[in-house]
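My notebook is open and the model is loaded. I'll jot down what I look up as I go.

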Amino acid sequence: MIPLLEVDALQVVYPGPRDLWGRSRNTVNAVNGVSLTVAPGEALGLVGESGCGKTTLGRAILRLVEASSGRVLFQGEDWLQLSPSELRGRRRHAQMIFQDPNSSLNPRLTVGASLGEALEIHHLANGRAGRLARIRELLAWVGLPEGSEKRYPHEFSGGQRQRIGIARALAVEPKLIVCDEPVSALDVSVQAQIVNLLQELQGARRLAYLFISHDLAVVEHLCARIAVMYLGRLVEVGPARDVCRTPAHPYTQALVSAVPQLHSDGVPRIQLRGDPPSPVTPPSGCPFHPRCPVAEARCRTERPLLRVIGQDRQVACHLAV
Ligand SMILES: Nc1ncnc2c1ncn2[C@@H]1O[C@H](COP(=O)(O)OP(=O)(O)OP(=O)(O)O)[C@@H](O)[C@H]1O
Ligand SMILES: [Mg+2]
């Protein structure tokens, strides 16, 4: 099947921390040569510790930050080569849902006006009556009470606001939604409701997700495949079930063994030591070697590339089998 999204050797470089005089000598390779694919209607989970580059990758795919090099093929077309006006025309196909829905909702607009704006920009509803009918339909899909279109964002709970964010993303009938930690700011009980809603919508609308989270249990529940990121690079990719039951990379093993509900009895218990190294001065060789319990001499000098280790599985570790 032709992928909906194909990311090829994507790189994003930020200026590094500034010194006392405001000068920035170093650079941060926040995303360092990431390649991945997402099929139509597929949910790909992206996990990894804070600062490993998940948000930057998601934003670079949607061109909300500019990539330094690589390709982002959406339905075969390289979005990094599009002019600003071409990009505006394509934007509706790929939307983003944020951790904090407040950041994507204008507090001064009613929910109806926010959704109406999205419909108008992309000419997706005919006249006032058509627009209102569509807005009510969208709000019903995401489980908000009747009359919600007349209210303002602050009149809703956090979970409801996230539903509004989802309705706003859905308004333009996207094919892909990048969900950046969409439930981590919510209560656990509300998290499950929002995850279930995303799952229902995926089935009903054949939506593809790039689902960013540091919660492996949520990702395993929602996603068919998982990509594990460490210090700007992917270190393991594979079917969600396999990655969680038999993680191949020691870093994935550490993430999995920290989540008791994954029932991964055979997985070696690895406790991660220390913080992730700074992306300004990444370690030589395998970037995980300073924290890896099984690292050998060559892990300190030779960087392992992603290689195939089984059906649809890849890992970047010299020692994984
Ligand atoms: N605008 C920016 N300018 C400079 N450096 C940045 C900028 N945004 C992010 N970074 C750096 O890039 C790296 C990746 O950040 P990013 O926000 O993508 O990580 P993340 O995996 O989403 O983390 P979290 O789980 O905390 O959301 C970090 O080292 C961060 O400090
Ligand atoms: Mg982030």
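Helices here are DSSP runs of H or I, at least four residues, and strands are E runs of at least two, numbered from the N terminus. I noted the buried ones, among them Lys-54, Leu-57 and Ile-61. Just after helix 1, Arg-63 has a positive phi of about 60°.

A note on the source: this is a predicted model, with local features needing pLDDT of at least 70 and side-chain atom pairs counting only at pLDDT 80 or more, while totals for chains, interfaces and linings use all residues. Residues are numbered from 1 along each chain as its sequence is written, and chains are lettered from A and ligands numbered from 1 in the order written.

Next I checked the sheet: it is open, with eight strands in the order 6-7-8-3-9-10-12-11 and mixed pairing (strands pair if DSSP finds at least two bridges between them). Strand 6 (94-97) and strand 11 (307-310) are at the edges with a single partner each, so one side of each has no neighbour in the sheet.

Then I looked at strand 3 (residues 43-47), which runs parallel to strand 8 (residues 208-212) and is joined to it by four bridges. Leu-46 stands opposite Ile-212 in strand 8.

Last, I looked up Phe-211: leaving out residues up to four places away in sequence, its contacts (C-beta atoms, placed from the backbone, within 7 Å) include Leu-44, Leu-46 and Val-219.

Conventions: Two residues are in contact if their C-beta atoms, placed from the backbone, lie within 7 Å. A residue is buried if 20 or more other C-beta atoms lie within 10 Å of its own, exposed if 12 or fewer, and partly exposed in between; C-beta atoms are placed from the backbone.
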